[in-house]
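Keep the sequence and the 3D view at hand while reading.

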Amino acid sequence: MSLLRFENVSKSYGDEEVLHDVSFELDAGDVEVIVGPSGSGKSTLLRCVNRLTEIDDGAIYLDGEDVHAMDENALRRRVGMVFQDFNLFAHRTARGNVTLGLTEVLGLSEREATERAEQYLQRVGVADQAEAYPAELSGGQKQRVGIARALAMDPDLILFDEPTSALDPELVGEVLGVMRDLADDGMTMLAVTHEMGFARSVASRLTFLEDGRIVERGPPERLFEQPDHDRTREFLGGLTDLHR
Amino acid sequence: MSVDETEPAAVGELPGRRRLTVLAVGVVFWAWLLARWAYHNAVLDRVFGALGAPDLLRSEVPVRNREPWLPPEPFASAADAVASLGLPEVATGWLVWLLDLVAFAIESAPALAEGAYVTVYLTVASMLLGLVVAVPLSVARVYGGTALSWLSLAYTELIRGTPLLAQLFLLYYGLPLAGAIDSVDLVGSGSVPGAAVFVAIVGFTINSSAYQSEYIRSALQSVDEDQLVAARSVGLSKWAGIRHVVLPQGLRYAIPGWTNEFVYLIKYSALAAFITVSELFGRADIIASDTFRTTDIYVIVAVFYLALVLTTALAMERVSTAVAIPGVGQHEGDR
Ligand SMILES: Nc1ncnc2c1ncn2[C@@H]1O[C@H](COP(=O)(O)OP(=O)(O)OP(=O)(O)O)[C@@H](O)[C@H]1O
Ligand SMILES: [Mg+2]
């Protein structure tokens with residue numbers, strides 16, 4: 001059974017239909033990369049998965065369970081999220097950012113949580129910065145803490161919303177490196193990113209979203225080499241040029 | 001800010017030597033005040049008694065009869081001496097007045113110390129209780145549904161829109177509150193103050209909670225909304241997110257506003273005198289009617305208020321530094 005399934009999902013803000021009849025599925029261990037122009041509904045699609053946004057039509061299933069029928073906090077415990085602007089808790093250290101969910105949501109003791117946090121900060125390579133506050137970290141370090149925060153909850157799936165687009169170019173690599181390692185470890189990921197090198201080498205599927213519709217979806221090589229739609233070629237071509 | 005570069009913005013920013021002077025004066029003032037409070041403290045007196053320590057404290061002396069620790073006479077005689085020199089009034093008048101004032105200040109100081117004691121615990125208690133009320137009020141205002149936020153708004157506007165003195169009068173004379181408090185055996189016996197003090201604390205708590213909640217509300221609103229989104233994305237409930245993420249940041253942003261309110265309340269607490277509480281202003285009033293030296297006593301009591309206000313500002317500066325977190329509160333907070 002697929003880990004995540006979108007079934008004819010639609011979402012409107014007022015008169016504006018932001019997602020139109022979106023269907024796709026994702027198996028455990030898959031890395032799905034979503035690309036699309038600004039305003040095409042990529043963030044909205046991600047936020048529907050953990051119900052930061054509620055859909056109007058259709059259904060989303062996590063491991064066969066309708067997410068709409070789940071308790072939203074229980075759902076979010078199983079679906080991690082990494083944000084473009086990091087959204088680290090400004091008043092907590094790197095370690096504190098990771099422990100909050102562990103103590104408050106998973107009910108770990110302060111000590112267990114600290115141990116687990118250290119372990120995950122180590123894994124993303126910011127163990128030395130455990131005591132630092134977000135304002136004292138570089139963008140790349142912040143985002144790696146953001147990933148550790150999501151990862152430490154031991155989620156079934158992690159959502160990445162343009163995790164590298166707020167970073168200085170020289171810091172992008174360290175974050176992509178961590179994501180690559182996660183993919184190698186079999187983490188299921190749904191990532192909005194315009195890093196085409198990453199999509200090419202890591203993604204199991206690439207989805208091109210435009211105006212809230214899936215224009216085309218398939219293995220990245222196929223979309224790059226022989227897309228069915230000219231629009232896909234045009235868009236991906238533009239991205240690749242941009243990032244060369 | 002358009003403050004002149006050479007003008008220090010706060011006592012804490014004074015250059016070295018002047019800062020030291022202010023601190024030294026503060027230390028002497030507080031050492032004296034604390035010693036004075038201890039000297040007439042009934043509980044401490046009893047503890048000393050029980051321990052078999054020498055009977056040093058004088059808690060039984062009524063406030064009016066308390067003796068100053070410095071003799072006022074030298075200043076009074078110096079004033080007389082200067083006056084008897086027969087120099088023109090314009091040349092020496094101010095010196096005579098000042099020396100007389102010092103003598104008068106020394107005589108009134110023990111009673112004013114007692115009044116300051118009441119002022120301090122009245123304000124501190126009301127600020128802290130007010131904070132306990134203000135936090136849920138402001139959270140309700142920002143994060144409550146329509147009904148809760150409307151209730152919170154109605155409360156703050158009602159309280160902020162009516163005079164504090166009217167609120168105190170209503171509580172003290174209009175409602176059976178004082179009687180109810182009085183019927184508790186402990187009230188007014190031994191070292192427990194009378195009902196009026198409790199009514200004043202209730203009144204100030206209600207009043208300051210409304211103002212505090214306005215400061216905290218605007219501080220909460222200055223916390224980036226994405227902070228709560230991030231908390232929720234980890235699986236925290238809305239209330240857990242508010243408690244663990246929004247409040248710790250928002251309350252830090254609120255410190256400058258909260259300090260303002262604290263300083264206001266120190267001064268507004270003088271209104272407690274109108275419902276018979278002998279706090280600082282009340283004591284000054286009693287002395288004024290005993291001596292008819294109205295202007296002089298108000299000048300002296302103003303110095304006491306100034307000392308309390310400056311102390312609060314400095315202490316809150318310390319608190320603000322102590323709880324400071326890099327990246328939190330340096331921007332929006334410093335309005
Ligand atoms: N809370 C909201 N209320 C109203 N409209 C919204 C809201 N969130 C998103 N939208 C609109 O929905 C559309 C899709 O937004 P979304 O953020 O999903 O796009 P995106 O593909 O992530 O774009 P970007 O690349 O700029 O991040 C946009 O037109 C946006 O203005
Ligand atoms: Mg987006």
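The sections below cover the basis of the model, its two chains, and a few selected residues.

## Basis of the model

This is a predicted model, in which local features need pLDDT of at least 70 and side-chain atom pairs count only at pLDDT 80 or more, while totals for chains, interfaces and linings use all residues. Residues are numbered from 1 along each chain as its sequence is written, chains are lettered from A and ligands numbered from 1 in the order in which they are written, and side-chain values use heavy atoms, with hydrogens and water left out.

## Chain A overall

Chain A contains nine helices and 10 strands. These elements are DSSP runs numbered from the N terminus, with helices being H or I over at least four residues and strands being E over at least two. The C-alpha trace spans about 55 × 45 × 35 Å along the principal axes of chain A. A compact globule of 244 residues would have a radius of gyration near 18 Å, and the 18 Å of chain A agrees with that. The radius is taken over C-alpha atoms, and the globule rule is 2.2 Å times the number of residues to the power 0.38.

Of the 244 residues in chain A, 56% are buried. Buried means under 20% relative accessible area, exposed means over 50%, and partly exposed lies in between, with a 1.4 Å probe and protein chains only. Counting contacts (heavy atoms within 4.5 Å) between residues at least 6 apart in the sequence of chain A, 65% join residues at least 24 apart. The accessible surface of chain A is about 10200 Å², and carbon and sulfur atoms hold 40% of that area. Areas come from the Shrake-Rupley method with a 1.4 Å probe; for residues, only the protein chains shown count as cover.

Chain A carries 25 positive and 46 negative charges, whose mean positions are 2 Å apart. Lys and Arg count as positive and Asp and Glu as negative, with His and the chain ends not counted. Each charge is placed at NZ of Lys, CZ of Arg, CG of Asp or CD of Glu.

## Annotated region and a glycine in chain A

An unreviewed UniProt entry places "domain: ABC transporter" at residues 4–236 of chain A. UniProt positions are given in the numbering used here, feature names are shortened, and annotations may be inferred rather than shown by experiment. Residues 4–236 of chain A are 38% helix and 25% strand, with 25 Å between the end C-alpha atoms.

G29(A) sits in the loop between β2 (16–26) and β3 (31–35) of chain A. With a relative accessible area of 31%, G29(A) is partly exposed. G29(A) and G186(A) are 157 residues apart along the chain, yet their C-alpha atoms are separated by 4.7 Å. Leaving out residues up to four places away in sequence, G29(A) touches G186(A), M187(A) and T188(A).

## Chain B overall

Chain B has 13 helices and zero strands. Its C-alpha trace spans about 80 × 60 × 45 Å along the principal axes. Buried residues account for 41% of the 335 residues in chain B. The accessible surface of chain B is about 17500 Å², with 66% belonging to carbon and sulfur atoms. Chain B has 20 positive and 29 negative side chains, and the centres of these two sets are 8 Å apart.

## Annotated segments and helix α8 of chain B

The "transmembrane region" feature comes from an unreviewed UniProt entry and is placed at several segments of chain B, including 262–282 and 297–316. Residues 262–282 of chain B are 48% helix and 0% strand, and the end C-alpha atoms lie 20 Å apart. Residues 297–316 of chain B are 100% helix and 0% strand, with end C-alpha atoms 29 Å apart.

I201(B) belongs to helix α8 (residues 195–221) of chain B. At 13% relative accessibility, I201(B) is buried. Apart from residues up to four places away in sequence, I201(B) touches L122(B), A125(B), S126(B) and L129(B).

## Contacts between the chains

Which residues of chain B does N73(A) touch? Not counting residues up to four places away in sequence, N73(A) touches R232(B), G235(B), L236(B) and S237(B). N73(A) lies in helix α2 (residues 72–78) of chain A and is buried at 15% relative accessibility.

On the chain B side, eight of the 10 residues of helix α9 (residues 225–234) are buried, so α9(B) is largely enclosed by the rest of the structure. R232(B) is among the buried residues of α9(B).
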